[in-house]
Structure formats: C-alpha cells, structure tokens
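The sequence and the structure come first, followed by the description.

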Amino acid sequence: MTKEEIKELFMQGIDCSQVVAGRFADELEMEESLLRKMSACFGGGMQCGETCGAVTGALMVIGLKYG
C-alpha cells in the first residue's frame with residue numbers, strides 16, 4: 001500500500017487501526033468492511049490518545065490469525 005493510498009483512506013475518514021486491520025482481509029479470509037467495522041473505535045489511541053491505532057489494529061490481526 002502506497003502513502004497516497006493511505007492518505008486517501010484517511011481523507012475518507014478511515015483511521016489507523018482500520019487501515020491496518022483492513023489490509024489483512026485477504027490473509028485472514030475476512031471481509032475488509034467487517035475488519036474496518038471491528039477496529040473502528042480503536043483509532044486515535046482508542047479516542048483518548050493512549051495506544052496508537054496502528055498498534056491496536058495490528059494486535060487485532062494477530063489475535064484473529066493466531067489467537
């Protein structure tokens with residue numbers, strides 16, 4: 001995924017956790033839209049600036065793959 005593609009997703013209101021989780025839809029054999037919905041509330045550090053949305057998105061993917 002290029003920087004421009006990521007920028008376009010952000011412009012559409014897709015946050016970091018949604019970008020990361022959605023990126024693994026094929027590997028997880030899940031719908032990208034479902035992964036984005038699942039991770040929607042984890043962007044912006046869970047809306048309070050704590051843990052980075054990219055990290056929470058990655059943790060969700062790891063859990064779905066290996067949990």
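## An exposed loop residue

In this predicted model, Glu29 has a relative accessibility of 75% and therefore counts as exposed, since the threshold for that class is over 50%. Glu29 sits in the loop that runs between α3 (25–28) and α4, and its phi angle is near 55 degrees, which is a positive value in a residue other than glycine.

## Packing of α2 with α6

Helix α2, which covers residues 16–23, packs with helix α6, which covers residues 53–66, at an angle of about 30 degrees, and their axes are 7 Å apart. Because angles under 35 degrees are classed in this way, α2 and α6 are described as roughly parallel to each other. The crossing in which α2 passes α6 is right-handed.

On the α2 side the contact is made by Cys16, Ser17, Val20 and Ala21, while α6 contributes Gly53, Ala54, Thr56, Gly57, Ala58 and Val61. Sorted by class, the residues of this contact of α2 with α6 comprise six nonpolar and four polar ones, with no charged residue.

## Packing of α2 with α4

Helix α2 also packs with α4, here at an angle of about 145 degrees and with the axes 8 Å apart. As α2 passes α4, the crossing is right-handed.

The residues that make this contact are Ser17, Gln18, Ala21 and Gly22 of α2, together with Glu32, Leu35, Arg36 and Ser39 of α4. By class, the contact of α2 with α4 contains two nonpolar, four polar and two charged residues.

Ser39 belongs to helix α4, which spans residues 32–39. With a relative accessible area of 0%, Ser39 is buried, because that class takes in values under 20%. The side chain of Ser39 reaches the backbone oxygen of Leu35 at 2.9 Å, and, when neighbours within four places in sequence are left aside, Ser39 is in contact with Asp15, Ser17, Gln18, Ala21 and Met60.

Thr56 has its place in helix α6 and, at 7% relative accessibility, counts as buried. The side chain of Thr56 reaches the backbone oxygen of Gly53 at 2.9 Å. If residues up to four places away in sequence are not counted, Thr56 touches Ser17, Phe42, Met46 and Thr51; Ser17 is also listed among the contacts of Ser39.

Apart from neighbours within four places in sequence, Met1 is in contact with Ile6, Leu9, Val19 and Arg23. Met1 and Gln18 are 17 residues apart in sequence, and their C-alpha atoms are 14 Å apart in space.

Gly13 is found in the loop between α1 (3–11) and α2, and its relative accessible area of 57% places it in the exposed class. Between Gly13 and Asp26, which are 13 residues apart along the chain, the separation of the C-alpha atoms is 22 Å.

Terms used:
Residues numbered from 1 in each chain as written. Predicted model: local features only at pLDDT ≥ 70, side-chain atom pairs only at ≥ 80, totals over all residues. Heavy atoms only, no water. Axes fitted to C-alpha atoms, helices over the stretch in contact; angles between N-to-C directions. Helix = DSSP H or I, 4+ residues; strand = E, 2+ residues; numbered from the N terminus. Parallel < 35°, antiparallel > 145°, perpendicular 65-115°, else oblique. Left-handed = near helix turned anticlockwise from the far one by under 90°. Contact = heavy atoms within 4.5 Å. Nonpolar A, V, L, I, M, F, W, Y, C, P; charged D, E, K, R; others polar. Buried < 20%, exposed > 50% of the residue type's maximum accessible area, 1.4 Å probe, protein only. Polar contact = N/O pair within 3.5 Å; in protein donor to acceptor, adjacent residues only side chain to side chain.
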